[in-house]
Amino acid sequence: MIFNNNKFSLVKLMFISFIFALLFLNLQANALEIRQAKGKSVYEIIRSESEKNLKLKEKDYQAAFAKIFAEYQLEVVAPSKTRCDILTPNYAIEVDYAKKWHEAIGQALDYSAQFKRIGGIVLIIKDDKEFTYLQRLEETILAHKLPIKIWIILDIM
């Protein structure tokens, strides 16, 4: 098969660019640091000066948080074809932004049942005003005696 040199070079360049983009995105998520703060279940995102304005995606928080566990899997497909954000030997964890706290409860319970693990929610708080969502989440879990553990990621700038 004879390739048009310009066309082949363009395809090659696009492929190499795609690989570099994937590597950059993976390095970006893996480079994110997280540290324990203010108690056992509260973690802070540590940003370098160059990362101050970096807009993080949910998967970045998932990857950073999962590293606190010795064993974990990310984005595990459940029997129902839904995806559990983080699966450990003990927990089936949903990672979500604070304003979606009510959705996180249903997902954590669903993953808990499907994977036969304790349900967990990692609530991402990006603003001081979002602590009201955490309060509502805690009150709901307590009021209904739901078997869900809560962790908090603070990414307040």
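Predicted model: local features only at pLDDT ≥ 70, side-chain atom pairs only at ≥ 80, totals over all residues.
K116 sits in the loop that links helix 3 (101-115) to strand 6 (118-125). The phi of K116 is near 55°, a positive value in a residue other than glycine.

E75 also has a positive phi, of about 50°, although E75 is not a glycine. E75 belongs to strand 3, residues 73-77. With a relative accessible area of 32%, E75 is partly exposed.

## Helix 2

Helix 2 spans residues 58-66 and is largely enclosed by the rest of the structure, because eight of its nine residues are buried. The buried residues are E58, D60, Y61, Q62, A63, A64, F65 and A66.

## Nonpolar cores

The largest nonpolar core has 16 residues, and those with the most contacts inside it are I121, L123, L137 and I152. Helix 3, strand 6, helix 4 (131-143) and strand 7 (148-154) are the elements that each give two or more residues to this core. A second, separate core has 13 residues, including A66, V95, I124 and I153. A66 is also one of the buried residues of helix 2.

Leaving aside residues up to four places away in sequence, L123 touches D96, Y97, A98, W101, Y133, L134, L137, W151, I152 and I153. Among these contacts of L123, L137 and I152 are listed with L123 for the most contacts inside the largest core, whereas I153 is in the second core.

Definitions and conventions. Residues numbered from 1 in each chain as written. Heavy atoms only, no water. Helix = DSSP H or I, 4+ residues; strand = E, 2+ residues; numbered from the N terminus. Buried < 20%, exposed > 50% of the residue type's maximum accessible area, 1.4 Å probe, protein only. Core = buried A, V, L, I, M, F, W, Y, C linked by side-chain atoms within 4.5 Å. Contact = heavy atoms within 4.5 Å.
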